[in-house]
Structures are given as C-alpha cells and as structure tokens.
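Please keep the sequence and the coordinates at hand while reading.

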Amino acid sequence: MESLSVFNATTSLSLFSSSLDHPKPQLSITPSSSSSSSHRPMPKLDVHCAAAAQAQSGKPKEAKLWGGRFEEGVTDAVERFTESISFDKALYKHDIMGSKAHASMLAKQGLITVEDRDSIHEGLTDIQRRIENGEFEWRTDREDVHMNIEAALTDLIGEAAKKLHTARSRNDQVLTDFRLWCRDAIDAILVQIKHLQVSLVRLAIKNEGLIVPGYTHLQRAQPVLLQHLLLAFVEQLERDAGRLLDCKERLNFCPLGACALAGTGLPIDRFMTSDALGFTAPMRNSIDAVSDRDFVLEFLSANSITAIHLSRLGEEWVLWASEEFGFITPSDAVSTGSSIMPQKKNPDPMELVRGKSARVVGDLVTLLMLCKGLPLAYNRDLQEDKEPVFDSVKTILGMLEVSAEFAQNITFNKERIQKALPAGHLDATTLADYLVNKAIPFRTSHDIVGRAVAICVPKSCQLQELSLDELRSINPVFDKDVYEFLGVENSVKKFRSYGSTGSECVATQLDHWVTKLELTKEA
C-alpha cells in the first residue's frame, strides 16, 4: 500500500491504494474535530464484493434499506455498476461526525430518546474504531458509505439504529459529508502551499544579489534579480491560497436537514446540527442544499489554477536544468536517470508536475460536464462527483509536496549564469530610460537605442562596449554618464518603481514574505 500523509495542527490527509477489487486511488481526510489519534497512518479500507460472493455461494442477498416497495432485488450487474462504496468510503469519518450530530439533535428535539442517542454514539464510535483497525467489512450490496455504516450500526445496536435516519435523506447526508471532507482537504492543501512558499523564500534568501536574464516570448528581455523571480511564484501561490480560503468560506454552509429536497415536517433544529459541525449556518433553501455542486466546481477550479502555476514553475526549472541553459543543477535526490543513456540526469519530478496539471484540469472539466444540464434537485449522476475531487486533491497535494522538495534540492550555477548575462542586450530598456531623463521622447529614445543595438549586432559586442563617439554618431545627447546605465548590474540598480526588480524594491518584497511566513533571513 502506498501512502502519502499531510499533517497540520488539526488536519490529517491520507492517500492510499484501494483494494484489488477496486483499483482506484482513495483518500481519507480526518475531520479537524477529531482527536490527536487521527495522526496515525490510515488503514487500507477493503471492499467486499457481496454481489459476486453471494452469487457463488447461493445465499440470498441482504434486503436493501430502501427495499420496502420492491418485490425483487437488483441484478448483480446493476449492483456492481451503481455501487459507490469503492470510493466514497473515504468519507466515513465525516459520515460518522454528521450522524452523531444528527442523533444529538434528534434527542434534544424529543424525536429519539437520550438512551437511543447514547447507544447510537457508542455504536458509531465502535464502527469507526473497527474501520481504522481494518476490521470493518465494506459491502457492495450496501451500496455506499452511508448504508454500510447504518446497516452495521443496526447489526450492532438493533432497533435504535433504525431511528437515526429520521428527518434525513442520503441526499443531504452525502452533501454534508462531502462539504466536511472538502473543508478539511482545503486545510491540507493550504499547509502544502505555505510549505512551498517557505521553500521558495528560503531559496531566494540563499541567492541574494544574483542577477538572471528575464524573458518575454522566451527571448532575453531585461535583467532581473533571481529573488524577484522566485517571489513571483510566491505571489501566485498566495493568490491560490486566497481562492481556497474564499471557497472554504462559501462551502461552509450545512445542508443537513434538507432531506430529499423539500425538508421535513418533523420539528428538527438545523441550526443545532450546523453549529455542532462547525458550519456557518444551515443552507437557506432545501432544494439548493441537495442539488448544489458549486462548491465542488469552485474547489476544483482553484486547484486547477494552482496546478497551472505549478506547471509553469515546473517548465521554468526543466528549461533551466537543460544543457542549453545550465542555470540550475538538481541534486541526485530529486533526479532520475535513463534506462539506456548512462549519462542522463533528468528533472523528472518537475516534468511530472507539468504533466499532472492536465489531470487536475481534467477533473474540473469532468465536473463541469457532469453538472451541465441537470434538472433540480438531486440526480444519481451526482454520485460521480467524488472521484474527480479525490483525484484532484491527491494530485495537487503531490505536486505541491514534490515542488517544495525540488526547491530544497537545487543549486543555481552562478558562474554559468554570469557568463550568460551579457548576451541579448538586456540593458537596452535602461538605456532608453537614460534618454528619457535627457528629455528625449520615449518613442524617439526607443528608436535611438534600436539603432545602437544594430551597431552592436555585426560587431558581436554589448552596448556598454560601444564608444561614446559611436553613441554620439546616433544622437549627440549621449554623455559620459551613459555608462552608469549600461551593463546588467547598473541596469538593475536603476529600477526603482514599486514592485520592480531594483535591489531595494526586492529587499522590501523579501522582508514582507519573511515576516508573513514567520521566517528569518538566515540562509
């Protein structure tokens, strides 16, 4: 079983391989309200294919909890096709959380007894323990995580368990579980975003003063400080975190109690369950509560934008690790080799970061197409919303983690970078600024500098290597002070606008991130 765990103070996210019966990646996110014991490695949750087993044994199938009006059971093919337990078992902790909150509310409202509530709570706690110890049998004939847990609870405590579904439908139940799961998944992703930001800022601190070529159209443009470039990615990640926080705020409303779609005539207290589960408030409209997947679309959209940012970072470093650039050298710890070419050392992790962004975007497109054209309220199509979300979260967490690992294991080749800097006339725009300071209109300045570059090209020289006479042959405004603007070091020193690549400006940006991320400037 392969496993990847991400922890913060309140959240545990485990990604693990599924059973052989159902070879799909599975996730289990520990609710933030769980105890510290949630930091234990997550067990493998096996699914027992009851349909196949019963067909072989000849035993009768278990009656469905919804089967009262049916005279015959579904075929094995229908059972296999419609089950969701192979993936939605990842919601088990959140399902148990929701059921405990629901039972407490039912008892307070006099719909079940206090003794029933306590029995339900104890039974659910025991079921959770059995799940986490690998002792729980997941059955496809019980369809999904909700029915598996409820049926097991009935087996365990008897009649009291049959009262748990009072004033509740699987429609509002699954949305409650899913919102709780997504809420905790966002927390886990935010931890990894900050970790990558910290890695990039530390990399910037280690490379103070290093100038690199800045590119537009993948052509040499202007000199920039490497710190400035790295902090650009930190800024992107901060917006990614902001989108996730916005998404979390909007999804944090409780659908529990909306029932199938119309609510209930029983005297429930939806505000009590909402508060118990840490939601902002109950959702106002019961039809919207069971049909809404906006929160999923927004979550996957935020993940997709993050994935695109990571893909761009990956492309930058893959290029810079090539012989053609040679700007960075990844350590062996984050590189791979070739099965046929002994000399190869490939930055495969960042290539896969670039490639896996396609999966995350694909997950979003899947959900968009799933929701397109669905009538209100709930439709079984929406069972298909879980796997793309689980995959998106698993993938984005892996991308963030390995990007941070890569950032911690690369070296910038300063000598190679410095040798590469003279090419491309990176100081040309700074020279145009010099002429503007001499009261030459910018468009005219642009033309003058272009003519100076034209002189350099056949001579294979740099602007700073032109003599004053050569410059004055283009325009007499040039004076000896022009050389204070030429060369990449002088060019960088001249930048002063807010947010620019000037040394003082970049130092201010770096100070901001050191403070925000609670770091020190020690490399």
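In which loop does Phe-279 lie? In this predicted model, Phe-279 belongs to the loop that runs between helix H9 (270-276) and strand S9 (281-282). Its relative accessibility is 5%, and because burial is assigned under 20%, Phe-279 counts as buried. Leaving aside residues up to four places away in sequence, Phe-279 touches Thr-176, Arg-179, Leu-180, Arg-183, Leu-251, Asn-252, Phe-253, Cys-254 and Ser-274.

**The chain as a whole**

The chain has 523 residues, 50% of which are buried, and its secondary structure consists of 19 helices and eleven strands. Among the contacts in the chain with a separation of 6 or more, 74% are between residues 24 or more positions apart. The accessible surface of the chain amounts to about 24,300 Å², and carbon and sulfur atoms contribute 52% of that area.

| Helix pair | Angle between axes | Distance between axes |
|---|---|---|
| H7 and H8 (residues 226-251) | about 165 degrees | 9 Å |
| H7 and H13 (residues 386-407) | roughly 15 degrees | within 9 Å |

H7 and H8 pack at an angle of about 165 degrees, and because angles over 145 degrees count as roughly antiparallel, H7 is roughly antiparallel to H8. The crossing of these two helices is left-handed, and the residues of their contact comprise 21 nonpolar, two polar and seven charged ones.

For H7 and H13 the axes cross at roughly 15 degrees, and since angles under 35 degrees count as roughly parallel, these two helices are roughly parallel to each other. H7 passes H13 in a left-handed crossing, and by class the contact of H7 with H13 is made up of 19 nonpolar, four polar and two charged residues.

On the H7 side the contact is made by Gln-197, Val-201, Ala-204 and Ile-205, and on the H19 side by Leu-510, Trp-513 and Val-514. Sorted by class, the residues of the contact of H7 with H19 are six nonpolar and one polar, with no charged residue.

**Backbone geometry in the loops**

Ala-167 has a phi near 55 degrees, a positive value in a residue other than glycine. Ala-167 lies in the loop between helix H6 (145-157) and H7, and with a relative accessible area of 10% Ala-167 is buried.

His-425 also has a positive phi, of about 50 degrees, although it is not a glycine. This residue is found in the loop between helix H14 (414-420) and helix H15 (428-437), and its relative accessibility of 16% is under the 20% cut-off, so His-425 counts as buried.

Is Arg-443 buried or exposed? Arg-443 is found in helix H16 (residues 442-459), and its relative accessibility is 65%, so Arg-443 counts as exposed, the cut-off for that class being over 50%. Arg-443 and Ala-432 are eleven residues apart in sequence, and their C-alpha atoms are 9.0 Å apart in space.

Notes: Residues are numbered from 1 along each chain as its sequence is written. This is a predicted model: local features need pLDDT of at least 70, side-chain atom pairs count only at pLDDT 80 or more; totals for chains, interfaces and linings use all residues. Side-chain values use heavy atoms; hydrogens and water are left out. Helices (H or I, at least four residues) and strands (E, at least two) are DSSP runs, numbered from the N terminus. Buried means under 20% relative accessible area, exposed over 50%, partly exposed in between (1.4 Å probe, protein chains only). Contact means heavy atoms within 4.5 Å. Accessible areas come from the Shrake-Rupley method with a 1.4 Å probe; for residues, only the protein chains shown count as cover. Ala, Val, Leu, Ile, Met, Phe, Trp, Tyr, Cys and Pro count as nonpolar, Asp, Glu, Lys and Arg as charged, and the others, Gly among them, as polar. Axes are lines fitted to C-alpha atoms, for helices over the stretch in contact, and angles run from 0 to 180 degrees between N-to-C directions. Angles under 35 degrees count as roughly parallel, over 145 as roughly antiparallel, 65 to 115 as roughly perpendicular and the rest as oblique. A crossing is left-handed if the near helix is turned anticlockwise from the far one by less than a right angle, and right-handed if clockwise.
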